[in-house]
Amino acid sequence: MANKQQPLLQVNDLHTYFYTEDGVVKAVDGVNFHVSRGEVLGLVGESGSGKSVTSLSIMRLIGPPGKIVSGEILFDGKPLQTMSEKEMVHIRGDAVSMIFQQPQSSLNPVYTTGDQVAEVFKLHSKMDGAEIDTRTTEMFRMVGIPDPAQKVKAYPHEMSGGQAQRVMIAMGLALSPKLLIADEPTTALDVTIQAQILDLIRNLKEQLETAVILITHDLGVIAEMADRVAVMYAGQIVEQAPVETLFAQPKHPYTQGLLASIPVLGTVKDRLDAIPGAVPNLVDLPPGCHFAARCSARIEYGLDICRHKEPDLLQVGANQEAKCWLYQSDGDHVAPLAGVAPVEKPKAASDPAPVAPAEVHAQRTTRTTTAKTLLDVKKLRKYYPVRGGVMRRVMANVKAVDGVSFTIRAGETLGLVGESGCGKSTIGRTILRLQEPTDGSVQFDGQDVFSMSRQELKGLRRDMQIVLQDPYASLNPRKQIGQSIADGLKVHNIGTAKERKDIIIDMLRKVGLEDYHALRYPHEFSGGQRQRIGIARALALNPKFIVCDEPVSALDVSIQSQVLNLLNDLQDEFDLTYLFVAHDLSVVEHISDRVAIMYLGKMVELASRDDLFRNPLHPYTQSLMSAVPIPDPTLKKERIILKGDVPSPLSPPTGCRFHTRCPLAVDRCKMEEPPFEEKRPDHFAACWEVS
Amino acid sequence: MTAQTMSNAGDPAPPETVRESRKRSNRTGYRYFLRRLFRRILPRIGAVIVVLFLIGAVFAPLLTPYDPIVPDYEAVRQPPSSAHWMGTDDLGRDLYTRILYGGRISIFAAFIPLLISSSIGVTLGLIAGTVRGPVETIIMRVMDALLSIPSILLMIVIAGLLGPNLINALIAIGIVGVARYARIVYAETLSVAEREYVLATRALGKSTAGILFQEILPNVTAPIIVIASLSIGGIILAEATLSFLGLGIQPPTPSWGSMVATGNRYLQLAPWMSLAPGAAIFLMVMAVNFLGDGVRDALDPYLSGKM
């Protein structure tokens, strides 16, 4: 059999192309890497970098118009690229298995989850029915699904996202494969559930001695899970190193830029270092290094060769390889950094080493706290009735927001954080009366928003705007973006046609676009650009207050930092007040002056950013913060892993809604709801156990 | 990851697009629309066929020596010949002539019901899909009821109630077609109304009517155009059925549908009697389809770069 010395998986010069109407998309363009037995290889990159296509190529799951053009995939010494489909069937699921990003859409809704796990045994083993049933239940227990004997009979829709991902993992690991490919396994999950799943993968991997290829865009997850990391950019691996080396001494300018552009929990910078531009179009790539167009090091060192000739992936340090002309010579070109060891990082790269929080926080002062109150929300409730029966009577209420009060001062940013379904987006939309409230009051600049007539409300729209999450869905595909931006101006009869045109151009420039963009349609823009357009549309009316509803969560990390910086600049320039709704604690910490944490329709904690992140009072806030993966492999932090899932907002738990998952819960928490009160000066929390 | 998302790169726009943008600076207005519509061959063919039929209908007396109505008992059921290009019918009338004249009725008869059913159906579908609540329930249940009654029966009832003449028959055909548009537009609207750009324009203060017709309608046009262009054939035949029952156009005035219907009786003896008007209907449906597809693509900004 296979030699123990050789790597489990060896990929040599893999090229996978997609033959589309627009041309040949070189999704994977000469990729080399290996995975050793029992190792976790992290494959990190932005969307379009080719990381998923690489993994699908290994599984030979590339369908038309895609094709593996050339290259070698050796698994246990056997070439997968030349195997017949029949032989591949035995490899898939048995020796190599895969789990995907969207657990609920990866499971077939018409079969029970147990049947779907049993299917794997039926396909690949000769076990009889009874044996398969016991093994299936055993797998459910192994992946930590509560009450496995019952849950095997559950259909996918009866499970939460976290449980469905556990089922996927059970399917993936059912036959103890030698290699597990996990493609963004936790991206669709909430951060506390992500912590559970990562923990599970780590434990099972050790138990079963499975090697893992972990594909993700999240450097925090990589730092936490991977032994070795390969960084992909535009279809190629640009850097490869052991995880500690990569985070301590990134060599490739892209890796450096990526590390510098992410907000890190507990480390606040005035400004994020953004990589300019976006991942290039993989059709008709110019010659030379794929990253050249966005590379600041190329300009810094005045390198010309990057535009003409592609560098090789070469050794640059112990076990470290980089694909960059900074470290390689060729003919006339002399590598500016070759042999200079240790390489001094360009200033773009931040030091990911933990710094004492107090010191860092001092770097950026939060905005003035004496300003007047702009928005005053009192006891806001929003219930969604669930109707049923012939008469469509209200059977129950989804209590999306259940009695939330807070204020926002003029010129500040209030961050609103929580997991999915906690009601944070609903709050933003109800304040703007895009949805009618069930109860409560909102005062905006002294006016009562909820008692306004239709006409008054229209006037209010000029002052209160919203930026939405999905840059692909938030622009009308049939309208030129200039028309979209001008919409608000037309509705409110602002200016003549000529003046409106000037405003549009002004807005486009303000958000970093060009005036000729006004005549284009949304599909001609990248995600980051569309989000800029969404911001321009909101800004055109010159509002005082903007609800930012997860404005960066659909964007790649390098684009995310561009948009966050833009929001920051605009706030200073136009004196804007933001309600920043997000699920990502690091992003919220970066942008907010004050932060509110929500759980199941209730606010559990509210304080200034520094107070909240330095000294979280509520156990939910604490566990949320500890669940965030930090992009620093040397940091081994104590983790509070919450049990179970968020309960349904249809029938929230009695007393304190968090008591079912709370590590501190006592009897009182089950009976009485804790008041939301000032526990420290300007620091509010709702918990019986915090005095 | 699809090829589409991958080609969505280029943040900031590459420099060559400056030139490009001047080239296609005027990308609205109907001249631009027509230019895009006729950039491809099929819509052009469709337009030519439709125009030829229209010319034939308008200038029929100049294009044929025969009379469409007066029988010629010397020339009953003659096969196609140099004198009668498409043959003659059971009363000896020249089929080519009758098709030219019949176009006056049939083309008119095809588009009036089309306009009636699409305008009413689209509006109802949009309203039901956006307003929701009791309005939605009432509109859609009425549409379901319309769909559940056999369409020919419904047409007869409506035409009968309105009184037997061509216009009333066309109105009846139009009303019967409403439900199809309403259902399709309703389903599309439900999904489009949930998109964030609708929410965003509401936040800008736009009225419900503005949202319905400016934001949602342009995004649900594709299926409307497809149903409309496919329904032409059915409408022409429906007109024939009503006429046959004495509720529409009365003999001897020619219409394509009624010609097909009459010809059916002589299918074995004189197949050309129904084949000739059948071919006219077929050509018309095909031409409108080509045009419809062209309109749909020309309205889609996503395809603008590719055409």
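Here are some questions and answers about this predicted model.

Q: Where in chain B is confidence lowest, in helix H1 or in helix H4?
A: Chain B averages a pLDDT of 81, and 89% of its residues score at least 70. Residues 1-25 of chain B, however, stay under 50. Helix H4 (residues 41-58) of chain B has the highest confidence, at 91, while the lowest, a mean of 39, belongs to helix H1 (residues 3-6) of chain B.

Q: What ipTM does the predictor give the complex?
A: Two scores are given for the complex as a whole. The pTM is 0.80, and the ipTM is 0.70.

Q: How many nonpolar residues does the contact of H6(B) with H12(B) have?
A: H6(B) contributes residues including B:Ala109, B:Pro113 and B:Leu114, and H12(B) residues including B:Ile232, B:Ile235 and B:Glu239. By class, this contact has 1 charged residue, 3 polar ones and, as nonpolar residues, 10.

Q: What radius of gyration does chain A have, and why does it agree with a compact globule?
A: Chain A has 23 helices and 24 strands, and its C-alpha atoms fill a box of roughly 75 × 70 × 50 Å along the principal axes. With 691 residues, a compact globule would have a radius of gyration near 26 Å, so chain A agrees, with 26 Å.

Technical notes. Residues are numbered from 1 along each chain as its sequence is written. Chains are lettered from A and ligands numbered from 1 in the order in which they are written. This is a predicted model: local features need pLDDT of at least 70, side-chain atom pairs count only at pLDDT 80 or more; totals for chains, interfaces and linings use all residues. pLDDT is the predictor's confidence in each residue, from 0 to 100. Helices (H or I, at least four residues) and strands (E, at least two) are DSSP runs, numbered from the N terminus. Two residues are in contact if their C-beta atoms, placed from the backbone, lie within 7 Å. Ala, Val, Leu, Ile, Met, Phe, Trp, Tyr, Cys and Pro count as nonpolar, Asp, Glu, Lys and Arg as charged, and the others, Gly among them, as polar. The radius of gyration is taken over C-alpha atoms; the globule rule is 2.2 Å times the number of residues to the power 0.38.
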